Amino acid sequence: MKAPHVTVIIPTYNRAESFVRTLHELMESSAVRPDSVIVVDQSQTPDIRDAIAGQCAKYPNVRYIFIPQPSLTKARNTGIDAATTTDVVIFMDDDVDVRPDTIATIKKLFTASDLAMIAGINEGEKFIRRNSPLGLFFCRSSHKNRFIGHVTGAVYGRFPIRMTQPVETRWAMGFFFAVRMSVIRQSQSRFDENLQSYAYAEDLDFSHRIYLAAKKYGMRCIITPEVVVKHNVSTEYRTPTGKTIYMIIAHRRYLSHKLFGTRASRMACTWADIGDIFSDIMHLRSPLCRLRALIFTHRHKTDIRAGHFHYDEFM
């Protein structure tokens with residue numbers, strides 16, 4: 001099979017400096033450039049939009065699209081709609097450095113016709129470790145699936161704990177992953193635009209549904225040490241803001257209903273949140289915001305299951 005046509009989709013929002021670095025690394029440092037790049041800009045300041053559009057204009061195979069509504073999911077769907085002639089699409093954040101061989105490796109791996117998705121790895125990610133006992137106890141990880149990329153019943157995405165070669169993954173983190181476009185089209189997969197703002201867990205939702213479609217079609221989804229990039233925003237735990245806590249809890253409840261629809265998953269979500277409250281107390285953080293968010297989510301549970309999050313009450 002010949003090397004596929006690869007399109008990179010980069011949503012960006014009010015981050016000209018980060019975007020310029022990302023585009024430069026992608027177009028100037030790569031031994032093999034992507035065949036096309038689609039930039040979907042949602043910046044609210046004209047000066048920032050002009051700076052981003054100006055950088056895109058430097059390259060004939062980079063297409064600039066502006067959408068007025070700040071929405072990560074809408075931006076990514078806009079990119080999918082614009083990528084009409086590609087074989088593989090890479091979803092990439094606007095603060096990522098690719099390695100010189102990244103695009104070439106993606107092209108090489110996708111010459112295998114049964115490959116549906118590749119999850120990227122962040123530089124420095126450690127894959128020789130063990131699952132946290134508390135993480136296992138509170139349903140944030142799975143002992144059974146510890147050697148593959150997996151999604152827990154409490155709707156957390158987890159990487160394998162050890163990896164020296166490509167292994168199965170059932171999800172991908174949104175900063176960098178690649179999907180065969182025919183699988184997207186055949187399964188009619190879209191990013192869920194009910195998930196608004198920076199759309200916590202929209203990547204888990206989309207990539208897990210790609211995995212389910214690939215499984216149905218007899219295809220593979222992998223995470224591999226061959227595809228490593230540098231995500232310039234730390235993925236380590238940071239004390240979340242109140243708005244983020246509300247969004248995390250509400251989105252996980254929604255996706256629990258959407259992806260699993262079982263009482264076991266609902267119970268796992270609640271148990272995981274109890275674990276987070278326990279963690280707050282252990283680390284001398286106030287658990288009040290998380291408790292309020294749980295009450296809010298319970299009060300609106302019917303609407304949340306339908307994808308109505310009442311963002312105006314907490315954003």
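Helices (H or I, at least four residues) and strands (E, at least two) are DSSP runs, numbered from the N terminus. The structure is a predicted model, in which local features need pLDDT of at least 70 and side-chain atom pairs count only at pLDDT 80 or more, while totals for chains, interfaces and linings use all residues. Residues are numbered from 1 along each chain as its sequence is written, and side-chain values use heavy atoms, with hydrogens and water left out.

Asparagine 61 is located in the loop that separates helix H2 (46–56) from strand S3 (62–66). Accessibility is classed as buried (under 20% relative accessible area), exposed (over 50%) or partly exposed (in between), with a 1.4 Å probe and protein chains only. Asparagine 61 counts as partly exposed, at 23% relative accessibility.

Strand S4 (residues 88–92) is mostly covered, with 5 of its 5 residues buried. Side chains in a regular strand alternate between the two faces of the sheet. In S4, Val88, Ile90 and Met92 point one way, whereas Val89 and Phe91 point the other way. Strands are taken to pair if DSSP finds at least two bridges between them. S4 runs parallel to strand S1 (residues 6–12), to which 4 bridges join it, and pairs with strand S10 (residues 176–180) in the antiparallel sense over 5 bridges. Valine 89 stands opposite threonine 7 and also opposite valine 179 in S10. Helix H4 (residues 102–109) is largely enclosed by the rest of the structure, because 6 of its 8 residues are buried; among them are Ile103, Ile106 and Leu109.

The whole structure contains 22 salt bridges, each defined as a side-chain nitrogen of Lys or Arg within 4 Å of a carboxyl oxygen of Asp or Glu. In one of these, the closest N and O atoms of aspartate 94 and arginine 15 are 3.3 Å apart. This pair links distant parts of the chain, 79 residues apart: aspartate 94 lies in the loop between S4 and strand S5 (96–98), and arginine 15 in the loop between S1 and helix H1 (16–28). Aspartate 94 is buried at 4% relative accessibility, whereas arginine 15 is partly exposed at 33%. Within helix H7, aspartate 205 and arginine 209 lie 4 residues apart, about one turn of the helix, and form a salt bridge with a closest N and O separation of 3.1 Å. Aspartate 205 is buried, at 0% relative accessibility.
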